Amino acid sequence: MSEIRHEPVAPTRTQWLAPGAAIDAHRHDDHQIVYAGRGVVAVTTSAGSWIAPGTRAIWVPAGTVHAHQAHGELELRLVGLPARDNPLGLDTPTVLEVGPLLRELILAYTQFADTPTLAPDDGSPERARLRAVLLDQLRASPQQPLHLPTPTAPLLRAVCEILSADPADDRTLAELGRQVGASDRTLSRLFKSDLGMTFPQWRTQLRLYRALVLLAEDTPVTAVAHLCGWSSASAFIDVFRRTFGHTPGAHQRHA
């Protein structure tokens, strides 16, 4: 993220991105809601990556330097909110659960922005009412732990790079430690202090992240389970359902 664009106003709009396309690093003076009406969107900062399918949205606070990545054909829905409107009270990116009502509110609000005849100006009563309900729904939306933090400790970075290259690598932390020259106790401590999670938690996050990317590319569910390191398709389906509330197959059908 060497060249950082400054766009003071966070746009509210719909934007289509081809699979693999990206929006380079930039920042806004406003908050922004990032939502995938179709496909999967990832937001990356210096602190890590957040990923969201259509049942999730990503809250990006004002001033956060971030980039977007499309997985699958992406219908990117962006909602900009003035810095004074922070219904979550959060100053770090966060993944939020998106229920049916919040989804429709995001779609409707961005449609207003895309169709000037629906909202001749930003202060129209219709749009103001829509935004008020949208903010209420955001306040009520549960936060989801779909964050893949970026390690800063060199030893930890080495381990994370090994697993990022092959999420199906099922070696223990002790075995990985022997490759990078560190004890499992040292690495375990680093995972907690540097990333705020245990090694198993981080590996599960990595595998879910990669699974969402592969599913967006129409990879068969059984192949996704194998490539991401689950012992069986049923084990993958169970973890995916507990995390996202539906099966990987249902996710692909509605993506």
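Analyst: We start with a cut-off. A residue counts as buried when its relative accessible area is under 20%, and as exposed when that area is over 50%. The model here is predicted, and every value below is computed from it. Take F240 as the case: its relative accessible area is 0%, so F240 is buried. F236 has a relative accessible area of 0% too, and is therefore buried.

User: Which other residues of α8 are buried?

Analyst: The buried residues in α8 are F236, V239, F240 and F244. Viewed down the axis of α8, the buried residues fall within an arc of 110°, so they line one face of the helix. S234 and R242, on the other side of α8, are exposed.

User: What is the general idea behind a helix having one such face?

Analyst: An α-helix has 3.6 residues a turn, so residues three or four places apart point the same way. In this structure, F236 and F240 are four residues apart in helix α8, and are therefore separated by about one helical turn. F240 and F244 are also in α8, four residues apart, again about one turn of the helix.

User: How many residues does α8 have, and what span does it reach?

Analyst: Helix α8 covers residues 233–244, which is twelve residues. From its first C-alpha to its last it reaches 16 Å, close to the 16 Å expected at 1.5 Å a residue. After α8 comes G245, with a positive phi near 85°.

User: How do I read an aromatic pair, and how many does the structure hold?

Analyst: Look at the distance between ring centres and the angle between ring planes; planes over 60 degrees apart count as edge-to-face, and those under 30 degrees apart as stacked, with the rest tilted. The structure holds five aromatic pairs. For F236 and F240, the ring centres are 5.7 Å apart and the planes are at 70°, so this pair is edge-to-face.

User: What are the distance and the angle for F240 and F244?

Analyst: The rings of F240 and F244 are 4.6 Å apart centre to centre, with 45° between the planes, and the pair is tilted. Both residues are buried. Ring pairs also link W230, F236, F240 and F244 into a cluster.

User: Now the empty space. What shows where it is left?

Analyst: Rolling a probe the size of a water molecule over the atoms shows where empty space is left. In this structure there is one cavity of 30 Å³ or more. The largest cavity has a volume of about 40 Å³.

User: Which residues line the largest cavity?

Analyst: The lining consists of I51, L146, H147, L148, Q205, L208 and Y209. β10 and α6 each supply at least two residues, and α6 gives the most, with three. By class, the lining has five nonpolar, two polar and no charged residues.

User: What is the volume of the second largest pocket, and which residues line it?

Analyst: The second largest pocket has a volume of about 230 Å³. Its lining is made up of L148, P149, T150, P151, R157, C160, E161, S164, W202, L206, Y209 and R210. The elements giving two or more residues to this lining are β10 (147–149), α3 (154–165) and α6 (199–216).

User: How does that pocket lining divide by class?

Analyst: The lining of the second largest pocket has seven nonpolar, two polar and three charged residues.

How values were computed
Residues are numbered from 1 along each chain as its sequence is written. This is a predicted model: local features need pLDDT of at least 70, side-chain atom pairs count only at pLDDT 80 or more; totals for chains, interfaces and linings use all residues. Side-chain values use heavy atoms; hydrogens and water are left out. On a 1 Å grid over the protein atoms alone, a cavity is a set of points where a 1.4 Å probe fits but cannot get out, and a pocket is an open set with protein on both sides within 12 Å along at least five of seven lines; lining residues have an atom within 4 Å of a point. Grid points are joined across faces, edges and corners, and a volume is the space filled by probe spheres set on the points. Ala, Val, Leu, Ile, Met, Phe, Trp, Tyr, Cys and Pro count as nonpolar, Asp, Glu, Lys and Arg as charged, and the others, Gly among them, as polar. The expected span of a helix is 1.5 Å times one less than its number of residues. Buried means under 20% relative accessible area, exposed over 50%, partly exposed in between (1.4 Å probe, protein chains only). The arc is that of the directions from the helix axis to the C-beta atoms. Rings of Phe, Tyr and Trp (its six-membered ring) pair if their centres lie within 6.5 Å; planes under 30 degrees apart count as stacked, over 60 as edge-to-face and the rest as tilted.
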